[in-house]
Amino acid sequence: QLNPAQRIAVDPAAHVWLNASAGTGKTQVLSARVLRLLLREDVSPSQILCLTFTKAGAAEMANRINAVLARW
């Protein structure tokens, strides 16, 4: 479940910067945003740039996205 501010951040029509403390749901928001972008016909996966500050964060986001894609 996303809170109202997170729902705004995952909207593919918006350009956003996400900055939050540990444990606030950044990985969840970024993963949901990437998945929503992948659902758009006008967006190619090669057009998506998503930066994280740690390898662990990037790995967690990739795992979450891959898990959803595998279920689809």
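**Entry 1: ground rules.** I noted that this is a predicted model, in which local features need pLDDT of at least 70, side-chain atom pairs count only at pLDDT 80 or more, and totals for chains, interfaces and linings use all residues. Residues are numbered from 1 along each chain as its sequence is written, and side-chain values use heavy atoms, with hydrogens and water left out.

**Entry 2: the helix pair.** I looked up helix α2, residues 26-38, and helix α3, residues 55-71. Helices are DSSP runs of H or I with at least four residues, and strands are runs of E with at least two, numbered from the N terminus. At what angle do α2 and α3 pack? I found an angle of about 45 degrees, with the axes 9 Å apart. Axes here are lines fitted to C-alpha atoms, for helices over the stretch in contact, and angles run from 0 to 180 degrees between N-to-C directions. I therefore wrote down α2 and α3 as oblique to each other. For the cut-offs, under 35 degrees is roughly parallel, over 145 roughly antiparallel, 65 to 115 roughly perpendicular, and the rest oblique. The crossing of α2 and α3 is right-handed. That term applies if the near helix is turned clockwise from the far one by less than a right angle, and left-handed applies if it is turned anticlockwise.

**Entry 3: the contact between them.** From α2, I listed T27, Q28, L30, S31, V34, L35 and L38. They meet E60, M61, R64, I65, V68 and L69 of α3, where contact means heavy atoms within 4.5 Å. The residues of this contact divide into 8 nonpolar, 3 polar and 2 charged. Ala, Val, Leu, Ile, Met, Phe, Trp, Tyr, Cys and Pro count as nonpolar, Asp, Glu, Lys and Arg as charged, and the others, Gly among them, as polar.

Entry 4: Is S31 buried or exposed? S31 is buried, with a relative accessible area of 4%. Buried means under 20% relative accessible area, exposed over 50%, and partly exposed in between, with a 1.4 Å probe and protein chains only. Not counting residues up to four places away in sequence, S31 touches M61, R64 and I65. L30 also has a buried label, at 18%. Leaving aside neighbours within four places in sequence, L30 is in contact with L18, C50 and M61. I also noted L30 and T52, which are 22 residues apart in sequence and 9.5 Å apart in space, C-alpha to C-alpha.

Entry 5: K55 lies in helix α3 and counts as exposed at 78% relative accessibility. Between the C-alpha atoms of K55 and V29, 26 residues apart along the chain, I noted 17 Å.

**Entry 6: before and in α1.** L2 is in the segment before α1 and is buried at 16% relative accessibility. Beyond four places in sequence, L2 touches R7, V10, Q28, V29 and R36. N3 lies in the segment before α1 and is partly exposed at 37%. A polar atom of the N3 side chain lies 3.0 Å from the backbone nitrogen of A5. This is a polar contact, meaning a pair of N or O atoms within 3.5 Å; within protein, one must be able to donate a hydrogen and the other to accept it, and residues adjacent in sequence count only if both atoms are side-chain atoms. Q6 is found in helix α1, residues 4-9, and is buried at 11%. A polar atom of the Q6 side chain lies 3.4 Å from the backbone oxygen of T24. Beyond four places in sequence, Q6 touches Q1, T24, G25 and V29.
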